[in-house]
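Please open the structure in a viewer and keep the sequence at hand.

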Amino acid sequence: MKILVLNGPNLNLLGLREPAIYGSQNYAALEAYIRQAAEEAGCQVEIFQSNHEGALVDKIQAAYGVFDGIVINPAAYTHTSVAILDALKAVSLPAVEVHLSDVDAREPFRQLSYAGMACEKTYKGLGFAGYREAIFYLARKSADKA
Ligand code: DQA
């Protein structure tokens, strides 16, 4: 199974960025964590991070026919982007939303997720482990179908 992991704006600044909320590990550590989880789940993985909404939309569109599932942390675009929601709906691949922090316990504006409306599951507040849960969810789902 091939999984595309998408990370939105400012996640490249992990470690530097509000460590009390997002932790002290950097983005390279997150990538290494995701690769390890994918290997354990027996999945191939591509990881893409962008600070640009359109680049994330392009990547979702290009996933059609290439990937079997998407794990997405749209970061701030979670709460604003109908374009990302529409792209996820358009390709209709199984998608799982991840947030490092527990968005429900933060500011009210973080409690609306557009992307989440096109996702089968959301893992929030688990730190890096949310990505692992998402990858294993997609792997299990694909194994159940086989
Ligand atoms: C985030 C939560 C978002 O509200 C925020 O804008 C982010 C990161 C998270 O992983 O907890 O950039 O998606």
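A residue is called buried when its relative accessible area is under 20%. By that criterion, 45% of the 146 residues in the protein are buried. The model shown is a predicted one.

**The whole protein**

How does the radius of gyration of the protein agree with that of a compact globule? A compact globule of 146 residues would have a value near 15 Å, and the protein has 14 Å, so the two agree. Of the contacts in the protein with a separation of 6 or more, 75% are between residues 24 or more positions apart.

**Helices α2 and α5**

Two packed helices are described by the angle between their axes and the distance between the axes. Select residues 27–41, helix α2, together with residues 129–145, helix α5. Their axes come within 9 Å and cross at roughly 25°. Because angles under 35 degrees count as roughly parallel, α2 is roughly parallel to α5. The crossing of this pair is right-handed.

Now show the side chains where the two helices meet. On the α2 side, select L30, Y33, I34, A37, A38, E40 and A41; on the α5 side, select A129, Y131, R132, I135, F136 and A139. Which classes of residue form this contact of α2 with α5? There are eleven nonpolar residues, two charged residues and no polar ones.

While α2 is still displayed, select A32, which also lies in this helix. Is A32 buried, partly exposed or exposed? With a relative accessible area of 44%, A32 is partly exposed.

**Helices α3 and α4**

Move on to residues 53–63, helix α3, and display α4 with them. Helix α4 covers residues 82–91. The axes of α3 and α4 are 9 Å apart, and the helices pack at an angle of about 5°. That angle makes α3 roughly parallel to α4.

Select E53, L56, V57, I60 and Q61 in α3, and then A83, I84, A87, L88 and V91 in α4, which they meet. This contact of α3 with α4 comprises eight nonpolar residues, one polar residue and one charged residue.

Most residues other than glycine have a negative phi. The last stops are residues with a positive value.

Select E18, in the loop between β1 (2–7) and α1 (19–22). The phi of E18 is near 30°, a positive value in a residue other than glycine. At 43% relative accessibility, E18 counts as partly exposed.

Then select A75, in the loop between β3 (69–73) and α4 (82–91). A75 has a positive phi of about 55°, although it is not a glycine. Is A75 buried or exposed? Its relative accessible area is 12%, so A75 is buried.

Terms used
Residues are numbered from 1 along each chain as its sequence is written. This is a predicted model: local features need pLDDT of at least 70, side-chain atom pairs count only at pLDDT 80 or more; totals for chains, interfaces and linings use all residues. Side-chain values use heavy atoms; hydrogens and water are left out. Axes are lines fitted to C-alpha atoms, for helices over the stretch in contact, and angles run from 0 to 180 degrees between N-to-C directions. Helices (H or I, at least four residues) and strands (E, at least two) are DSSP runs, numbered from the N terminus. Angles under 35 degrees count as roughly parallel, over 145 as roughly antiparallel, 65 to 115 as roughly perpendicular and the rest as oblique. A crossing is left-handed if the near helix is turned anticlockwise from the far one by less than a right angle, and right-handed if clockwise. Contact means heavy atoms within 4.5 Å. Ala, Val, Leu, Ile, Met, Phe, Trp, Tyr, Cys and Pro count as nonpolar, Asp, Glu, Lys and Arg as charged, and the others, Gly among them, as polar. The radius of gyration is taken over C-alpha atoms; the globule rule is 2.2 Å times the number of residues to the power 0.38. Buried means under 20% relative accessible area, exposed over 50%, partly exposed in between (1.4 Å probe, protein chains only).
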